[in-house]
Amino acid sequence: METARVEPVRNVAIVSSVGAGKTSLCEALLFAGGVIPSLGSVMEGTTVSDFEPEELRHRISTSTSLLQFNWNQTTINLIDTPGALDLLGEAMAALRAVDAVIMVVGGSSGVRTELVRLWMKIEELGLPGLLFVNGLDREGTSFEHALETCRQHFGSVPIPLTVPVNPGTTIDGVFDIQHDKMIRSGSTSPKVDEHSPGDDLQDFSRHARKQLVEAVAETDEPLLERYLSQGDLTPNELLDGLRRGIQMRQFLPAYAGSAIRNVGVWSLLDAIVMLLPAPQERGADHPWHGTDPETHETRQRKGSADEPLSAYVFKTLIDPFVGRLSYCRVVSGTVQADTTVWNASKQVREKLGHFYKVLGKRHVPVESAKAGDIVAIGKLKDTQTGDTFCQENASICYAALGLPKPIVSFAIEAKSKAEIDKVSLGLHKLIEEDPTLEFTRNSETKEMVLSGMGQFHIDLALEKLQRKFGAEVALHLPKIAYRETIKSKSQAQGKYKKQTGGHGQYGDCWLEVAPLPRGHGFAFGNRIVGGAIPRNFIPAVEKGVLEALHEGPLSGYPVVDILVTVYDGSYHVVDSSEMSFKIAGAMAFKKAMETAHPVLLEPIMRIDIDSPADVVGAVMGDVNARRGRIVSVTALTHLERITAMVPLAELLRYATALNAMTGGRASYVMEPDHYDEVPRELTAKIIERHKADRHVTVTH
Ligand SMILES: Nc1nc2c(ncn2[C@@H]2O[C@H](COP(=O)(O)OP(=O)(O)OP(=O)(O)O)[C@@H](O)[C@H]2O)c(=O)[nH]1
Ligand SMILES: [Mg+2]
């Protein structure tokens, strides 16, 4: 019978849009594989994979879970990922740890946005994959329609390997085209009942198998010749053809089923072992490329245990019981627990703690790990998510995980002064777990700013902050770091004189203020001739100006892009001092500013929006309405990229707006680009608002 070149490890990530059934499918795979005695449910919070309190509360996965088990002499390392748009960073990081993916597609919804985004990453990494069309126990679902959406979105041909029997509420099995068998199963038992198709299915089965064999034969010249001469392929030839076609990404095998009814799951489990590549097989076609951190030369590993050690961390977890755990994919070589390795990313030695195999929240100690394994390592001190560790004399550094950058920001305020440290410490720990979060202190607005992928992401982070670190915060829209500048030249005198009794104060200077080009900051000039102000007091004048610069005349924002020149003044031999010239400098500056046509400047962001072609018009119209300026529109493989300059003030809630406008199909990244003048009609409002200095509380 069939003899697959079965290797002992399969590393597979399960990915999809939110709610397509990844966690339920993982549960069913564990059940079908005999790992758990009964099928848990997401609704009841009883799955192996979703166990964090936030996951149970929201009934969605919020972080990746590792599920390691043995089936048919193979170690299967399944990674269940979150599908929520805001949490795709987790899924993307997981993709770096695996050799293949299972994409779960809802029988009724088909392929949706989040999966399209992940597909781009899957293509970039060249990962082979399978499809599982789930939820076929629901009325009105269609296996064919779901596959059609895959064809549209992936540009790759899905080939059914199983089809549902009695889809809808009566579904009780699948027909396995590859093995020409009916496979019935249910949620009460992991056992399957296999039998040959009855008479009524004979025609269908012959036709389906012919289609499968032809599709596979067409991917390989010698196989096609054999097919044409024999009129069929042997089971082994078909198996080999399927394996190679999947690995070369020539087609996408599709499986049908229902996770919560444990239908079609056995076939998928079998496919993981029989069809998906082992780490070494994948490495032979797709070696892991890295660089030597010292010479920057490229290095590669084929993924064999005989090569020097190299591994990278794709996830960090701060576990309340085990402490800090780093989830690693060992790429090459072997490694023992409690030994010292070289962290090539940080250029430090790192002492490894205990090693664990992971099944959801269960950790089982193991002694060592080898190429192709995924292992959780305790107590790493300096190693962070994305780092590579390796053998010290065979250094290699793999590319960073390439996670999306945060796009929304909120100001956070600790409930009390005493809590500020707790908040800051807790957030730094959360960021170690989730590098798509960012925590900064804005030196201009003095706010603590938490940035992430969307409102839900931020809310989740705050829930975790409270649960894990007992810190509570309030959330506001962040203040914008406006600045002030001037539009024309102006001159003024500053005279500070206090000469009533005793040692007096006397400082007198004339300053000229003049605009500088955008981005030039501040410059100070000295045009004093003939010692009107002694040279040693000039720095004091500048100091006074510098201090006054912090608060502009319009609304107290810092003043930039200005040249201040001292050109005249007077002094008193006894009463003049540094202090008096500093005060005079500040006075003259403030006075000169009043008549120099001060204006507000606002931060302008450069934003790249990747949008499906059918909504590009709407997205561009909206950018214009946000006072944006379109810089370019470029065609990408599946999308169009709109590059624009948009004021930050117009982008505070952009993530939500863009999702609503495009049905979540567009994404964006942005970064500060420059400062530009605020239109006159908006200036008064901003000044008013700043005066009131009220926080606008975010409504959810
Ligand atoms: N009828 C039916 N419901 C299903 C099936 N699979 C999952 N569900 C339900 O769909 C909902 C979402 O399932 P999950 O397994 O949590 O989906 P997920 O893909 O893990 O979702 P995220 O982790 O949030 O991305 C839950 O209420 C499940 O009970 C299925 O095959 N049939
Ligand atoms: Mg889930």
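This is a predicted model: local features need pLDDT of at least 70, side-chain atom pairs count only at pLDDT 80 or more; totals for chains, interfaces and linings use all residues.
Residues are numbered from 1 along each chain as its sequence is written, chains are lettered from A and ligands numbered from 1 in the order in which they are written, and side-chain values use heavy atoms, with hydrogens and water left out.

**Overall build**

- The chain has 17 helices and 37 strands, where helices (H or I, at least four residues) and strands (E, at least two) are DSSP runs numbered from the N terminus.
- Taken along the principal axes, the C-alpha atoms of the chain fill a box of roughly 115 × 55 × 50 Å.
- Of the 700 residues in the chain, 55% are buried, with buried meaning under 20% relative accessible area, exposed over 50%, and partly exposed in between (1.4 Å probe, protein chains only).
- When contacts (heavy atoms within 4.5 Å) are taken between residues at least 6 apart in sequence, 71% of them join residues at least 24 apart.

**Domains**

- The domain assignment, whose bounds come from an automatic or database source, gives domain 1 (9–283), domain 2 (287–398), domain 3 (408–460), domain 4 (484–596) and domain 5 (602–692).
- Between domain 1 and domain 3 the C-alpha centres lie 38 Å apart, and the contact takes nine residues from domain 1 and eight residues from domain 3.

**Cavities**

- On a 1 Å grid over the protein atoms alone, a cavity is a set of points where a 1.4 Å probe fits but cannot get out, and its lining residues have an atom within 4 Å of a point.
- Grid points are joined across faces, edges and corners, and a volume is the space filled by probe spheres set on the points; the count by this rule is four cavities of 30 Å³ or more.
- The largest cavity has a volume of about 180 Å³ and is lined by 16 residues, of which T62, E90, E433, D434 and K464 lie nearest its centre.
- Strand 14 (310–319), helix 11 (420–433) and helix 12 (455–469) each give two or more residues to the lining of the largest cavity, and helix 12 supplies the largest share, four residues.
- By class, the lining of the largest cavity has six nonpolar, four polar and six charged residues, where Ala, Val, Leu, Ile, Met, Phe, Trp, Tyr, Cys and Pro count as nonpolar, Asp, Glu, Lys and Arg as charged, and the others, Gly among them, as polar.
- The second largest cavity, with a volume of about 80 Å³, is lined by 13 residues, of which E90, A93, F314, E433 and P435 lie nearest its centre.
- Helix 3 (88–95) and strand 14 give two or more residues to the lining of the second largest cavity, which divides into four nonpolar, five polar and four charged residues.

**Helix 14**

- The 17 residues of helix 14 (residues 578–594) should span 24 Å at 1.5 Å a residue, and its end C-alpha atoms are 25 Å apart, which agrees; the expected span is 1.5 Å times one less than the number of residues.
- Among the buried residues of helix 14 are F581, A588, F589 and M593, and the buried residues of this helix pack against elements including strand 31 (505–515), helix 13 (538–549) and strand 34 (598–611).

**Two loop residues with positive phi**

- Most residues other than glycine have a negative phi.
- R59 has a positive phi, near 55 degrees, and is found in the loop between helix 2 (53–58) and strand 2 (65–71), where R59 counts as partly exposed because its relative accessibility is 45%.
- N166 also has a positive phi, near 55 degrees; N166 sits in the loop between strand 7 (162–165) and strand 8 (173–176) and is partly exposed, with a relative accessible area of 40%.

Terms used
On a 1 Å grid over the protein atoms alone, a cavity is a set of points where a 1.4 Å probe fits but cannot get out, and a pocket is an open set with protein on both sides within 12 Å along at least five of seven lines; lining residues have an atom within 4 Å of a point.
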